[in-house]
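Here are my notes on the model, point by point. Have the structure open while you read.

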Amino acid sequence: HAHDYTLGVLKITHPWTRATPPGAAVGGGFMKIENAGPADRLISAQAGVSNVVELHTMMMEGNVMRMNKLERGIDLPGGKSVTLQPGGLHIMFIELKAPLKEGEKFPLKLKFEKAGEITVEVLVQGLGTAAPTAASSPAMGHAHQH
């Protein structure tokens, strides 16, 4: 079930995370943010599920995937949408207080430079869940015979 939120010119679609195995210290937060107005920036996020919440990006440096904290936040260009997803921009929940369990929800407060603050509900999806768009692509290596 997609759950959407609107804050001024911003539309936030389907905030989600993956369930975490027991003992996991970190989790990632994902969503799509559409900006119908002038440029803005997601500058911080807060959630009670972890001691620390940071805005991150993942980048390939040679053959190594590096995670970098975005000190300035996540840019939201005017008239465009930005997708926070595994392997790219995301919200990092660090020092989780308890495992994130599939089917649960938790509040996440997002703070934007211009639009202000909004609290969204993050849905915990299954452990192996890919981004919602990946579910619509055909299975790899699956031969179709007629």
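1. Strand β3 (residues 26-35) and strand β8 run antiparallel to each other, paired over four bridges. Pairing here asks for at least two DSSP bridges between the strands, and the strands themselves are DSSP runs of E, at least two residues long, numbered from the N terminus.

2. Residues are numbered from 1 along each chain as its sequence is written, and side-chain values use heavy atoms, with hydrogens and water left out.

3. How confident is the predictor, then? On pLDDT, its per-residue confidence from 0 to 100, the chain has a mean of 88, with 86% of residues at 70 or more. Where pLDDT is low, the predicted coordinates should not be read in detail.

4. H14, in strand β2 (residues 10-18), has a positive phi near 45° without being a glycine. E95, in strand β9 (residues 90-96), is another non-glycine with positive phi, at about 60°. Are they buried or exposed? H14 counts as buried because its relative accessible area is 11%, and E95 as partly exposed because its value is 43%. For the cut-offs, buried is under 20% relative accessible area, exposed is over 50% and partly exposed is in between, with a 1.4 Å probe and protein chains only.

5. R41 is worth a zoom. This arginine belongs to strand β4 (residues 40-47) and is buried, since its relative accessible area is 13%. Which side chain does the side chain of R41 make a polar contact with? The partner is the side chain of D75, at 2.8 Å. (A polar contact is a pair of N or O atoms within 3.5 Å; within protein, one must be able to donate a hydrogen and the other to accept it, and residues adjacent in sequence count only if both atoms are side-chain atoms.) Setting aside neighbours within four places in sequence, R41 is in contact with residues including R72, I74, F112 and E113.

6. On to charges: the whole structure has nine salt bridges, meaning a side-chain nitrogen of Lys or Arg within 4 Å of a carboxyl oxygen of Asp or Glu. Among them, E117 and K109 come together with their closest N and O atoms 3.3 Å apart. E117 is partly exposed because its relative accessible area is 42%, and so is K109, at 31%. Elsewhere, salt bridges with shared partners link R41, D75 and E113 into one network.

7. Two further pairs to check. E61 and R66 form a salt bridge at 2.8 Å, N to O; E61 is partly exposed at 42%, and R66 is partly exposed at 40%. K11 pairs with D4, with 3.8 Å between the closest N and O atoms.

Key:
This is a predicted model: local features need pLDDT of at least 70, side-chain atom pairs count only at pLDDT 80 or more; totals for chains, interfaces and linings use all residues. Contact means heavy atoms within 4.5 Å. pLDDT is the predictor's confidence in each residue, from 0 to 100.
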